[in-house]
Amino acid sequence: MSLFKRTRNPGGTPRRVPPGPPRTATFRLLKHLAGDRLRLMSEAADTYGDAVRMAIGPKTLYFFNHPDPAKHVLADNAANYHKGIGLVQAKRALGDGLLTSEGQLWRKQRKIIQPAFQHKRIVSQAGIVAEEGAKLVDRLRARAGGEPIDITQEMTGLTLGVLGRTLLDADLGAFDAVGHSFEAVQDQAMFEMVTLSMVPMWVPLPKQLRFRAARRELQRVVDALVAHRDAAGGAIGDDVLSRLIVSTREEADPAVGEQRMRDELVTLLLAGHETTASTLSWSLHLLDRHPEVAERLRAEALEVLGDRLPQHEDIRKLVYTNQVISEAMRLYPPVWILPRLALEDDEIAGYHVPAGSDVVVCPYTMHRHPAFWDRPAEFDPDRFAPDATAGRPRYAYIPFGAGPRFCVGNSLGLMEAVFVLAMIARELTLTGVPGHRVEAEPMLSLRAKGGLPMTVHKAA
């Protein structure tokens with residue numbers, strides 16, 4: 001049964017606001033915001049089209065599902081939009097890091113870490129990414145023919161290892177609870193969104209108790225990273241940790257500097273590993289469902305790489321591998337929703353959007369828009385072949401966001417995903433567990449609900 005019923009404007013006169021469900025639907029919308037967010041957004045677009053207005057409790061949500069409004073909100077008029085519903089509330093969980101900060105603080109934070117993602121530095125990190133990928137393949141190979149393993153956890157371990165060595169010049173392997181801590185942080189962040197931060201943090205709900213413990217663990221990790229750097233003589237390099245240490249020591253109030261470093265490192269640890277781990281997990285799931293794609297991917301990996309480790313110049317040679325990654329991110333974009341808050345009145349796609357309104361662009365639904373994608377629900381990497389992308393609107397595909405807040409780590413994440421997928425595919429086959437239902441769970445990133453159990457086999 002649909003969540004919505006189509007309503008018509010009496011007399012057919014033009015509206016200044018988008019169509020949408022009546023206010024009497026608020027309770028139903030809140031229920032699905034809490035429990036079925038992908039269905040909520042998908043059916044809103046199916047029922048009302050490319051512009052939808054939804055009253056959800058005290059919030060009024062303007063949902064635009066077309067490349068033109070996305071470009072307007074995320075790029076052309078980005079100065080009028082701050083982070084919106086979900087991320088605003090997530091500040092209580094994540095603090096004021098790069099993901100949630102605004103204005104001058106955000107610009108300062110971005111300027112501090114941007115040099116760590118420069119092209120020449122990413123090129124220099126290719127060997128580290130390949131080494132971590134080889135370690136992962138060794139771990140998987142050792143489990144071949146055995147019991148199923150949770151691929152999501154394996155990919156999380158991989159991406160944390162890469163993040164630690166490339167961005168922090170540190171070994172995160174000693175902090176084996178980090179992945180579980182971030183699950184608790186994500187759960188709390190979504191709880192904040194659904195409840196609009198109306199539940200005090202001190203209320204001893206099990207979810208909030210887990211979050212408080214996770215936040216303490218993450219702060220312990222951050223403190224240990226800084227202490228280890230100090231114990232090593234405080235050597236300052238070009239990694240993110242070095243840059244943050246220098247910038248926060250310039251704060252007039254040491255307590256403010258310490259808290260800012262914690263917030264920024266927690267955000268970096270979360271955003272830096274979660275999105276790539278999600279992309280690799282979904283890619284492996286889709287390859288299991290499409291063995292013909294897996295065979296083609298394996299053939300390319302063997303042709304390009306042979307039995308050696310990948311190098312940076314291999315990225316452009318692994319054409320089909322790139323297509324598989326792109327198609328996985330189309331169907332399961334790691335950043336599935338981009339919420340914004342209008343600072344001043346605006347007009348979007350001919351509709352009036354008042355100041356203070358929550359405006360939402362949803363890559364998950366945009367990437368499945370039938371006007372821009374043929375057979376949108378099907379997995380077809382060839383839709384990203386070089387000769388197949390001409391004429392497609394730029395903003396029909398935005399897995400890394402767009403505009404000034406475009407993901408700063410996209411190049412490192414793509415290199416990691418391409419290298420690791422090719423390295424796994426040339427040696428191993430991963431198959432899903434019969435009877436296990438794989439379901440997308442839209443948290444801060446789009447992850448597989450309850451993990452992704454798969455069995456490892458050596459490639460024939």
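1. Helices (H or I, at least four residues) and strands (E, at least two) are DSSP runs, numbered from the N terminus.

2. This is a predicted model, in which local features need pLDDT of at least 70 and side-chain atom pairs count only at pLDDT 80 or more, while totals for chains, interfaces and linings use all residues. Residues are numbered from 1 along each chain as its sequence is written, and side-chain values use heavy atoms, with hydrogens and water left out.

3. Helix α10 (residues 206-231) packs against helix α11 (residues 240-248) at an angle of about 85°, and their axes lie 11 Å apart. That makes α10 roughly perpendicular to α11, a term that covers angles of 65 to 115 degrees. The contact (heavy atoms within 4.5 Å) brings L225, V226 and R229 of α10 to L241, S242 and I245 of α11.

4. Helix α10 also meets helix α12 (residues 254-289), where the two axes come within 10 Å and cross at roughly 105°, which makes α10 roughly perpendicular to α12. Among the α10 residues in this contact are R215, L218 and V226, and among those of α12 are Q259, R262 and L269.

5. Turning to the strands, five of them form an open sheet in the order β1-β2-β8-β5-β3, with mixed pairing; two strands count as paired if DSSP finds at least two bridges between them. Strands β1 (51-56) and β3 (81-83) stand at the edges with a single partner strand each, so one side of each is left without a neighbour in the sheet. From one strand to the next, the twist averages 30°.

6. Within this sheet, β2 (residues 59-64) and β8 (residues 358-361) pair in the parallel sense over four bridges, and the bridge partner of F64 in β8 is V361. Helix α2 (residues 37-48) lies across β1, β2 and β8, running at about 130° to β1.

7. Finally, helix α17 (residues 410-425) has 16 residues and reaches 22 Å from its first C-alpha to its last, close to the 22 Å expected at 1.5 Å a residue, where the expected span is 1.5 Å times one less than the number of residues. Because 14 of the 16 residues of α17 are buried, this helix is largely enclosed by the rest of the structure; buried means under 20% relative accessible area (1.4 Å probe, protein chains only).

Technical notes: Axes fitted to C-alpha atoms, helices over the stretch in contact; angles between N-to-C directions. Parallel < 35°, antiparallel > 145°, perpendicular 65-115°, else oblique. Buried < 20%, exposed > 50% of the residue type's maximum accessible area, 1.4 Å probe, protein only.
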